[in-house]
Amino acid sequence: MRIKKIIALLFYAFLMSVTYFILPLFVKDTGSGMAVLLIAAPAITLVGALVYGIFCGFDFFLPVISAVLFLPTIFIFYNSSAWGYTVFYALVALFGNGLGQVFHSEK
């Protein structure tokens with residue numbers, strides 16, 4: 001794996017960590033919690049995976065990183081009903097990365 005791809009993966013992991021661990025701190029009620037879970041976090045995940053795909057191509061580790069980084073937040077911020085979001089964010093990352101791959105060009 002090239003160093004550029006490793007650095008990009010680390011940046012993506014950092015972005016997802018901030019998204020999954022910092023955004024929930026701003027949740028005040030059910031409405032804002034749903035906005036974070038259904039709008040903000042998926043949008044950031046999608047855009048991050050899309051940008052990664054454009055610059056680095058497809059990488060199977062992106063959806064895995066998203067899922068693994070979201071898992072601890074279930075126990076920290078949410079409850080057991082949030083397990084489904086692990087798969088949801090992995091699928092969003094997979095879609096974004098696949099879409100980014102379409103616009104990727106090897107240089």
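Author: Ile22 is partly exposed, at a relative accessible area of 38%; buried means under 20%, exposed over 50%, and partly exposed in between, with a 1.4 Å probe and protein chains only. The model is predicted, so local features need pLDDT of at least 70 and side-chain atom pairs count only at pLDDT 80 or more, while totals for chains, interfaces and linings use all residues. Residues are numbered from 1 along each chain as its sequence is written, and side-chain values use heavy atoms, with hydrogens and water left out.

Ile22 belongs to helix H1, and so does Thr19, the helix spanning residues 3-22. Helices here are DSSP runs of H or I with at least four residues, numbered from the N terminus. A polar atom of the Thr19 side chain lies 2.8 Å from the backbone oxygen of Leu15. Setting aside residues up to four places away in sequence, Thr19 touches Pro24, Ala41 and Ile44, where contact means heavy atoms within 4.5 Å.

Apart from neighbours within four places in sequence, Tyr20 is in contact with Ala41, Thr45, Ser66, Leu69, Phe70, Thr73, Phe77 and Tyr89. Tyr20 is also named, with Tyr12, Phe70 and Tyr89, as having the most contacts inside the largest nonpolar core, which has 20 residues. Such a core is a set of buried Ala, Val, Leu, Ile, Met, Phe, Trp, Tyr and Cys residues joined through side-chain atoms within 4.5 Å. H1, helix H2 (30-56), H3 and helix H4 (83-102) each give two or more residues to this core, and the largest share, six residues, comes from H1.

On the surface, Ile22 is part of a nonpolar patch with about 1,100 Å² of accessible area together, among whose other members are Phe11, Val18, Phe26 and Trp83. Patch residues have over 30% relative accessible area and no salt bridge, and nonpolar side chains are joined within 5 Å. Here too the largest share is from H1, with four residues; H1 and helix H3 (61-76) each supply at least two.

Phe26 lies in the loop between H1 and H2 and is exposed, with a relative accessible area of 58%. From Phe26 to Val36 the C-alpha distance is 8.8 Å, at a separation of ten residues in sequence.

Terms used: Polar contact = N/O pair within 3.5 Å; in protein donor to acceptor, adjacent residues only side chain to side chain. Patch = residues over 30% accessible without salt bridge, like charges linked within 9 Å, V, L, I, M, F, W, Y side chains within 5 Å. Areas by Shrake-Rupley, 256 points an atom, 1.4 Å probe, with all protein chains shown as cover. Salt bridge = Lys/Arg side-chain N within 4 Å of Asp/Glu carboxyl O.
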